[in-house]
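Let's take a walk through this model together. Have the sequence and the coordinates open as you read.

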There are 2 protein chains.
Amino acid sequence: MSGTDHAKDTGWGGPQPVFVLVEPQMGENIGGAARAMWNFGLEHMRLVNPRDGWPNPKATAMASGAARVLDKVGVTQTTADALSDMNFTFATTARSRDLTKPVMTPERAMEHARALIGQGQKVAVMFGPERSGLANDDIVQANALISVPVNPAFASLNLAQCVLLTAYEWRRQGDATPPEVVELAGTDFAETIEVQKLLERMESALHDVNFFWPEHKAESMILTLRNMMSRMPLTQADVRTFHGIIKALGKNKD
Amino acid sequence: MSGTDHAKDTGWGGPQPVFVLVEPQMGENIGGAARAMWNFGLEHMRLVNPRDGWPNPKATAMASGAARVLDKVGVTQTTADALSDMNFTFATTARSRDLTKPVMTPERAMEHARALIGQGQKVAVMFGPERSGLANDDIVQANALISVPVNPAFASLNLAQCVLLTAYEWRRQGDATPPEVVELAGTDFAETIEVQKLLERMESALHDVNFFWPEHKAESMILTLRNMMSRMPLTQADVRTFHGIIKALGKNKD
């Protein structure tokens, strides 16, 4: 292999694993795999002996937008050549084989890949041909297997989907996206004083229409109302909306 | 909605979220979404106003093997009807919208979904039409958004892929698969005594051919050899293979 795709030049997230498609058949699937990879920022693909040769116009058409992955794809005749400069190789395959080998979930595998790559090692993930999957001749060249824990009653991931899930796992584990944020549309969270003033107005308006009745339940009704409002993460826009509602309903009553 | 798909009757993993496809266009994509779901054991799908009506032969053809998902799909005219019996709804959508709403990663969202479902609540995940995605009219009916952290330079997940990743996350978090095992092909791990005996034989054979030379380096060479062999997780079959190699090489020498 040439030294150009050694997985050290990407912007989004640093060094990456190389994805190796072994004897892929349909150009569309090569393009689909490229799209799946690039969705999660992976751009180093190698092809071993693609059935319809290379370049493949159908792959290019399908990859549109992820062309950069195909532009620098490496093509070899044998799996051994594709893996020659790697330090560690995963093979994605169904679980039961007649070879003794470590089997990892995608989660554990990409955790291990990140650890290895963090030490400066070069890591490959192999994917087999669409119909048959990887042959034992290829599997023996891998250090470990990746097995996606699919429904035992229905295991039907296609090539691009298997690439997608592996790429997703790689990205997920290095992702800095906060797990949960509130997207604020042109407003900010209300301050407590704003919620307090809203409650005062609400209680006053409700008091005027004898909402807090019977008398001996008034205290707990007010508590419930205050608790409800404080449970909501109100924005300043929400507070204004409630003020408007109270005003409008008060007018209608007259 | 009828009471038949209340997500409490599945075998693989107990109660589940309901996936709601809003105004899906292509039957093939409905079938592809069903396959993606069933790969991870999800079987409760609802359709809101599918463009080409229902049933749809193209959906059925594409879903082959995941027919059970389509067999009991629920179809409604409006999003409100599809969600009416739910307690919490996620909407999958690109991030930037003009609505204030919590935004979660798929990981966090499915963690939250598991917590809610664990409390007996009913949870839906909405997916928009292929081209346009969910409209604001639908998004306002969701309690929170799910945003997949894709490559900002290339966000191009299709409907079935978005369904696949969400279903994968649901499954991953409830999955009991051990992260890493060694698949043993008709053998067992060697016991230390077997490795020790192999080393003795190896050292003896190497000693006979003056491998440990020069003399003052012999001790560290033996240490290195022993360390190498103990670093490998050798099986009983591996030990036999090494014995055979040593025997064969010894013979050749004569």
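What follows goes from the interface to the aromatic rings and then to the backbone.

A few ground rules come first: this is a predicted model, where local features need pLDDT of at least 70 and side-chain atom pairs count only at pLDDT 80 or more, while totals for chains, interfaces and linings use all residues. Residues are numbered from 1 along each chain as its sequence is written, chains are lettered from A and ligands numbered from 1 in the order in which they are written, and side-chain values use heavy atoms, with hydrogens and water left out.

Start where the two chains meet. Here 52 residues of chain B are in contact with 52 residues of chain A, contact meaning heavy atoms within 4.5 Å. The size of an interface is often given as the accessible area lost when the parts come together. For chain B and chain A that buried area is about 4,300 Å², with carbon and sulfur atoms giving 56%; the area is taken with a 1.4 Å probe and summed over both parts. On the chain B side, Asn39(B), Phe154(B) and Glu183(B) lose the most area to chain A, together 16% of what that side buries.

The interface of chain B and chain A has 6 salt bridges, each being a side-chain nitrogen of Lys or Arg within 4 Å of a carboxyl oxygen of Asp or Glu. Look up Glu107(B) and you'll find it bridged to Arg172(A), with the closest N and O atoms 2.9 Å apart. Which parts of chain B supply at least two residues each to the side that touches chain A? They are α1, β5 (101-104), α5 (106-118), α7 (159-174) and β8 (180-183), with helices (H or I, at least four residues) and strands (E, at least two) being DSSP runs numbered from the N terminus. The most comes from α7(B), with 7 residues.

On to the rings. Over all chains there are 9 aromatic pairs; rings of Phe, Tyr and Trp (its six-membered ring) pair if their centres lie within 6.5 Å, and planes under 30 degrees apart count as stacked, over 60 as edge-to-face and the rest as tilted. Phe19(B) and Phe127(B) have ring centres 5.1 Å apart and planes at 50°, so this pair is tilted. Phe19(B) sits in strand β1 (residues 18-22) and Phe127(B) in strand β6 (residues 123-127) of chain B, so the pair ties together parts 108 residues apart in sequence.

Elsewhere, Phe40(A), Tyr168(A), Phe40(B) and Tyr168(B) make up one aromatic cluster. The charged end of Arg114(A) sits over the ring of Trp170(A), 3.8 Å from its centre, and that of Arg114(B) sits over the ring of Trp170(B), again 3.8 Å from its centre. The rule asks for NZ of Lys or CZ of Arg within 6 Å of the ring centre and within 35 degrees of the ring normal.

Finally, the backbone. A cis peptide bond with omega about 0° joins Trp54(A) and Pro55(A), and Pro55(A) is in the loop between β2 (45-48) and α2 (57-62) of chain A. The loop between β2 and α2 of chain A also holds Asn49(A), a non-glycine with a positive phi of about 45°. Asn49(A) counts as partly exposed because its relative accessibility is 28%.

Conventions. Buried < 20%, exposed > 50% of the residue type's maximum accessible area, 1.4 Å probe, protein only. Buried area = accessible area lost by both parts, 1.4 Å probe.
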